[in-house]
Amino acid sequence: MRGEVINGLLAAVQSLTRLPLWRIKWCQVPSESFRSVVSYWPAAGWVTAPCMALVLWASGQFFPIAVSVSLAIAARLIVTG
């Protein structure tokens, strides 16, 4: 059985993003893990931040910085909803 921390982190990522982790069998968490999800919100941010950083870096290779920042923010909005 997984630990409470992993279940809490998975519950936070599932509730704060649009990523369909609930479809993956090993990512399903018990419903009581969603009660303590607030303490794992910063960790969910650390999971979604690399997506934004990758888009910022990749688009910065081709576009001006204002466009790159806009694309990075749009990517974060798409991931988190």
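Buried means under 20% relative accessible area, exposed over 50%, and partly exposed in between (1.4 Å probe, protein chains only). The model is predicted: local features need pLDDT of at least 70, side-chain atom pairs count only at pLDDT 80 or more, and totals for chains, interfaces and linings use all residues. Residues are numbered from 1 along each chain as its sequence is written, and side-chain values use heavy atoms, with hydrogens and water left out.

**Exercise 1.** Determine whether threonine 48 is buried or exposed, and state which polar contacts its side chain makes.

*Solution.* Step one: threonine 48 is in helix H2; helices are DSSP runs (H or I, at least four residues), numbered from the N terminus. Step two: threonine 48 has 4% relative accessibility and therefore counts as buried. Step three: a polar contact is a pair of N or O atoms within 3.5 Å; within protein, one must be able to donate a hydrogen and the other to accept it, and residues adjacent in sequence count only if both atoms are side-chain atoms. The side chain of threonine 48 reaches the backbone oxygen of glycine 45 at 3.3 Å, and a polar contact of 3.2 Å joins it to the side chain of arginine 76.

**Exercise 2.** Determine whether serine 68 is buried or exposed, and state which backbone atoms its side chain reaches.

*Solution.* Step one: serine 68 is in helix H3 (residues 65–80). Step two: at 0% relative accessibility, serine 68 counts as buried. Step three: its side chain reaches the backbone oxygen of serine 59 at 3.2 Å, and a polar atom of that side chain lies 3.2 Å from the backbone nitrogen of glycine 60.

Notes. Helices (H or I, at least four residues) and strands (E, at least two) are DSSP runs, numbered from the N terminus.
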